[in-house]
Amino acid sequence: MSRQVFLYDHPERFVAGTVGLPGRRSFFLQASAGSRVTSVALEKTQVAALAERMDELLDEVVRRSGGSASVPAVAPSDITDTAPLDTPIEEEFRVGTMALAWDGDEQLMIVEAQALVELDADSEEDLAEAEERLLQDEENGPPMLRVRLTGAQARAFAKRALDIVNAGRPPCPLCSLPLDPEGHVCPRQNGYRRGA
C-alpha cells in the first residue's frame, strides 16, 4: 500500500481546535478545501510547540528578508478564524512527527504532520536509523498531512493555536497547577482542597 498524503495547497482553512471540556480536551489540526476536510489528533504540547516554532520561523523570515517578505508582523484581523472545528471530526491519524519549512521562492510556510508509528529496535542507534528510513520512505512511509500556507495564514494559525492552548483550565494562584471546576488538592495548602 502506498503512503497516504493529505495535501492542502493554500487551504481555505487550517486551524488547531479542541473537542471536550477543559482538562479533558482532545486537540486536532484540521485542514479543509471545498468539501474535503482532514483532521489529525495531537497533544496539547505539540500544538503549543508548533505555534511557537511557526511564529519564530516567520520572525526569522522577516528578519532575514529585511522586512521585504510577504509576512505580517502579527496575525491579520481580517482572516482571524474563531469558528469551531468542522464536523463530523473523523481522525485520520495521531501525529507523531511534525516539521516546518519556509519556501523562499514561493513565499509559503510548509507544515508537515506525520502519523505516530512504533518501531522495534535493539539500540538507540538502530532506532534512529529505523526512524530515518521510515520518514524518508516516500512510497511506504507513515500517513502525512502537508499544508502550504501564506505568511498571513501561518500567523493566523499560530495565534489561534496559542489562544486555544491558553484557554484551558485557569491556574491555581498558589501553586500554578490547573484548577478543575471542582477545585484541586493544592500542594501549597498542605493537601487541603482549594476551590475554583
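Select Arg13 and Asp86: their side chains meet in a salt bridge, 3.2 Å from N to O. This is a predicted model. Arg13 lies in strand E2 and Asp86 in the loop between H1 and E5, so the pair ties together parts that are 73 residues apart in sequence. Is Asp86 buried or partly exposed? Asp86 is partly exposed, at 28% relative accessibility.

**Stay on Arg13**

Strand E2 covers residues 13–19, and Asp81 sits in the loop between H1 and strand E5 (91–103). The pair therefore ties together parts that are 68 residues apart in sequence.

Check the surface again. Arg13 has 11% relative accessibility and counts as buried, because the cut-off for buried is under 20%. Asp81 is partly exposed, with a relative accessible area of 22%.

**Move to the network**

Next, select Asp9, Asp103, Glu106 and Arg148. These four residues are linked in a network of salt bridges. For the whole model, the count comes to 14 salt bridges.

**Go to helix H1**

Select Arg53 and Glu56. How far apart are the closest N and O atoms of their salt bridge? The distance is 3.6 Å. Both residues belong to helix H1, three residues apart, so about one helical turn separates them. Glu56 is partly exposed, with a relative accessible area of 48%. Arg53 is partly exposed too, at 42%.

**Bring in helix H3**

Show H1 (residues 44–65) together with H3 (residues 151–166). Two packed helices are described by the angle between their axes and the distance between the axes. Here the angle is about 145°, and the axes are 9 Å apart. Look along the pair: H1 passes H3 in a left-handed crossing.

- On H1, select Lys44, Val47, Ala48, Leu50, Ala51, Glu52, Met54, Asp55, Leu58 and Asp59.
- On H3, select Gly151, Ala154, Arg155, Phe157, Ala158, Ala161, Leu162 and Val165.

Colour this selection by residue class. How many residues of the contact of H1 with H3 are nonpolar, polar and charged? They divide into 12 nonpolar, one polar and five charged. Among the H3 residues, centre on Phe157 to end the tour within this contact.

How values were computed
Residues numbered from 1 in each chain as written. Predicted model: local features only at pLDDT ≥ 70, side-chain atom pairs only at ≥ 80, totals over all residues. Heavy atoms only, no water. Axes fitted to C-alpha atoms, helices over the stretch in contact; angles between N-to-C directions. Helix = DSSP H or I, 4+ residues; strand = E, 2+ residues; numbered from the N terminus. Left-handed = near helix turned anticlockwise from the far one by under 90°. Contact = heavy atoms within 4.5 Å. Nonpolar A, V, L, I, M, F, W, Y, C, P; charged D, E, K, R; others polar. Buried < 20%, exposed > 50% of the residue type's maximum accessible area, 1.4 Å probe, protein only.
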